[in-house]
Amino acid sequence: MYAVLDDGPYAGEQVRIDPDATGRPPRTIELSDPGGDPRGYVLVGPHADADRWIYRRARGDLDE
């Protein structure tokens with residue numbers, strides 16, 4: 001399954017993710033930004049493709 005990143009420095013990119021124990025996508029994922037700092041992304045909902053899910057940067061992880 002894949003996370004489609006909706007915003008942030010990697011907007012539009014896809015990242016392979018592992019489902020949780022129930023087979024669903026995780027509610028949150030953490031990725032490194034270009035500078036190496038961790039950034040949280042939250043699940044927004046399903047993508048048009050069945051094995052892809054849309055994630056958006058967590059509100060507290062937005063650049064100021």
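Visitor: Let me start with a pair of strands: which residue stands opposite Trp53 in β5?

Guide: Welcome! This is a predicted model, and in it Ala3 stands opposite Trp53 of β5.

Visitor: What lies between the strands of the two hairpins?

Guide: The hairpin of β3 and β4 has 5 residues between its strands, and Gly36 in this hairpin takes a positive phi near 95 degrees. β4 and β5 form a hairpin as well, with 5 residues between them.

Visitor: What is the strand order in the sheet, and why are β2 and β3 said to stand at its edges?

Guide: The order is β2-β1-β5-β4-β3, in an open sheet of 5 strands with mixed pairing. β2 and β3 (28-32) each have a single partner strand, so one side of each lacks a neighbour in the sheet, and that puts them at the edges. On average, neighbouring strands of this sheet are turned by 40 degrees against each other, with direction ignored. Along the sequence, the chain reads β-β-β-β-β, with 0 helices and 5 strands.

Visitor: Now a loop residue. Why is Glu13 called partly exposed?

Guide: Its relative accessibility is 42%. Buried would need under 20% and exposed over 50%, so Glu13, falling in between, counts as partly exposed. Glu13 is placed in the loop between β1 (2-5) and β2 (14-16). Not counting residues up to four places away in sequence, Glu13 touches Ala3, Val4 and Leu5.

Visitor: How do you know which class Arg24 belongs to?

Guide: Arg24 has 46% relative accessibility, so Arg24 counts as partly exposed. Arg24 sits in the loop between β2 and β3. Leaving aside neighbours within four places in sequence, Arg24 is in contact with Met1, Pro19 and Trp53. Along the chain, Arg24 and Met1 are 23 residues apart, while their C-alpha atoms are separated by 9.3 Å.

Visitor: Trp53 turns up again there. What else is Trp53 in contact with, leaving aside neighbours within four places in sequence?

Guide: Its partners include Met1, Tyr2, Ala3 and Val4, as well as Pro25, Leu43, Gly45, Pro46 and His47. Between the C-alpha atoms of Trp53 and Glu13, which are 40 residues apart along the chain, the separation is 12 Å.

Visitor: What makes a set of residues a nonpolar core, and which ones make up the largest here?

Guide: Members must be buried residues of nonpolar kinds such as Ala, Leu or Trp, joined through side-chain atoms within 4.5 Å. The largest such core has 9 residues in all: Met1, Ala3, Leu5, Ile17, Ile29, Leu31, Tyr41, Trp53 and Tyr55. β1, β3 and β5 each supply at least two residues of this core. As background, nonpolar side chains tend to be buried together in soluble globular proteins.

Visitor: Last one: how do you know whether the radius of gyration agrees with a compact globule?

Guide: For 64 residues, a compact globule would have a radius of gyration near 11 Å; this chain has 11 Å, so the two agree. The C-alpha trace spans about 35 × 25 × 20 Å along its principal axes. Of the 64 residues, 31% count as buried. The chain exposes about 4300 Å², with carbon and sulfur atoms supplying 46% of that area.

Notes: Residues numbered from 1 in each chain as written. Predicted model: local features only at pLDDT ≥ 70, side-chain atom pairs only at ≥ 80, totals over all residues. Heavy atoms only, no water. Helix = DSSP H or I, 4+ residues; strand = E, 2+ residues; numbered from the N terminus. Buried < 20%, exposed > 50% of the residue type's maximum accessible area, 1.4 Å probe, protein only. Contact = heavy atoms within 4.5 Å. Pairing = 2+ DSSP bridges. Axes fitted to C-alpha atoms, helices over the stretch in contact; angles between N-to-C directions. Rg over C-alpha atoms; globule rule 2.2 N^0.38 Å. Areas by Shrake-Rupley, 256 points an atom, 1.4 Å probe, with all protein chains shown as cover.
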